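Thanks for passing this one along; here are my notes, point by point. Have the model open beside you as you read.

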Amino acid sequence: MSATGTTTPRGTADAPAGQPGHHGHPGWLAHHFDTPEQQFQSGKLGMWLFLATEILLFGGLFCAYAIYRAHHPEVFFYAHHFLDKKLGALNTLVLITSSFTMAWAVHAAQRGQKRLLIALLSLTLAGGFTFMAVKKVEYEQKWEHGLLWGKKYRSPEHAAHGETHGGEAAGDAGAAAPAEGGAAGHAPAPAVPEVAAPGGESAEAAPPAERSQLPPAAAGPQGLAPESPAGGHGPEPRNVQIFFGIYFAMTGLHGIHVLAGMIAIAWVLARSAKGQFGPDYFTPVDLVGLYWHLVDLIWIFLFPLLYLIT
Amino acid sequence: MADRRAQGEHGSAAAHPQVGHVVPVRLLAAVLGALLLLTVVTVGATYVDLGRLNLWVALAIATVKASIVALFFMHLRWDRPFNAVIFISSITLVALFVGFALMDTGQYQPDLIPGYAPAIAPPVP
């Protein structure tokens, strides 16, 4: 392109941004645009097109959630108790506040308030770090308790009772093996609870002769099925690992987007420190802000759908 | 040098951009307040038992929150309308996607036999 080295919209060392002298246009105005206004609007349009693809990407996962929740609500009503509402709410507040500091940062860039811009971008970045730290704590808890996806899932009922009464109490229904970690059921019996022994709180099992030989009732009125030790939420339905698969896929993909956003914010922060943004040119701050707001938007929907199920 | 554009800080009036529109900080703060309040309402609503409506109340509040983020933080209120067209279109497409998938899967739910999956687990004789 041009021999003067001002081929990119960024201000370079020999072409301080905003100062004329490179054949009549500022360093950050690319050659294929006629005016700063056109460049700015094109940048915005491009970012909105990208955000549309992001919405479609997450839309696929929301579709999986919708289908599974519509047709197997019992899995969601059981499994959501293992998510910590308080941590989820904290993350929501953190992201919303970081969206505010990001929007304010764009304002500061537009006003040429460099120190404020740097401070606000730093706060936004700190919000991202906080979000990921809380996420890490949540994921660790799940990993410890085996609340994971697919075959990695370990039933919490089984863990509470220990390994002793796997097959003995379940009678002839064929559901000898507890439904741990496998999508392939061992028997056609629906929603067989883990334990037939009464008194779920006690760690000891009654001797086989005293246990009922009748297969336990399927998920039904609470009076029939034994209390589950996981807080009395009824018997564990089949395929709970699907909920955690959806949970990790959605929050995991969202977390990756938060990390990408943090990298973009760090980049814009570095450029702000070099004084490359001001009332003439603040487009990268604006566009990174749009991306960050979308990440917040997605979380605004993820939070009630995953954490606030009733 | 490169700080020529930081001169706005030192002047009595902050500089104004030549492109785009500046959102007043007060408005941004008001939106933040509304978002925080709505978050509290969302969490509080889970303690009220509305049965099946709980899900829709939560989604409705989330939609309001998303709208004010889009309109004010993301600047759609003052932008060229085509940006909003792109945003709404993508959401519409997702709605179609989810809607048709639910309709389709819903069609055959009554025919399913719980626990019967011969392809992965042969039926117990």
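1. Buried area here is the accessible area (1.4 Å probe) that two parts lose on being put together, summed over both. For chain B and chain A in this predicted model, that area is about 5,900 Å², with carbon and sulfur atoms giving 70% of it. In terms of contact (heavy atoms within 4.5 Å), 65 residues of chain B meet 70 residues of chain A.

2. A word on conventions: the model is predicted, so local features need pLDDT of at least 70 and side-chain atom pairs count only at pLDDT 80 or more, while totals for chains, interfaces and linings use all residues. Residues are numbered from 1 along each chain as its sequence is written, chains are lettered from A in the order in which they are written, and side-chain values use heavy atoms, with hydrogens and water left out.

3. Which residues form a salt bridge between the chains? With the rule of a Lys or Arg side-chain nitrogen within 4 Å of an Asp or Glu carboxyl oxygen, the interface has 1 salt bridge. A:K44 pairs there with B:D79, the closest N and O atoms being 3.4 Å apart.

4. On chain B, the elements giving two or more residues to the side that touches chain A are helix 1 (7-10), helix 2 (25-45), helix 3 (53-73) and helix 4 (81-108). Helices are DSSP runs (H or I, at least four residues), numbered from the N terminus. Helix 4 of chain B provides the largest share, 14 residues.

5. A:K44 also forms a salt bridge with A:D286, at 3.7 Å between the closest N and O atoms. Since A:D286 lies in helix 7 (residues 283-307) of chain A and A:K44 in helix 1 (residues 36-71) of chain A, the pair ties together parts 242 residues apart in sequence. Over all chains, the structure holds 4 salt bridges.

6. Within chain B, the axes of helix 2 and helix 3 come within 10 Å and cross at roughly 170°. These two helices of chain B are therefore roughly antiparallel (an angle over 145 degrees).

Key: Axes fitted to C-alpha atoms, helices over the stretch in contact; angles between N-to-C directions. Parallel < 35°, antiparallel > 145°, perpendicular 65-115°, else oblique.
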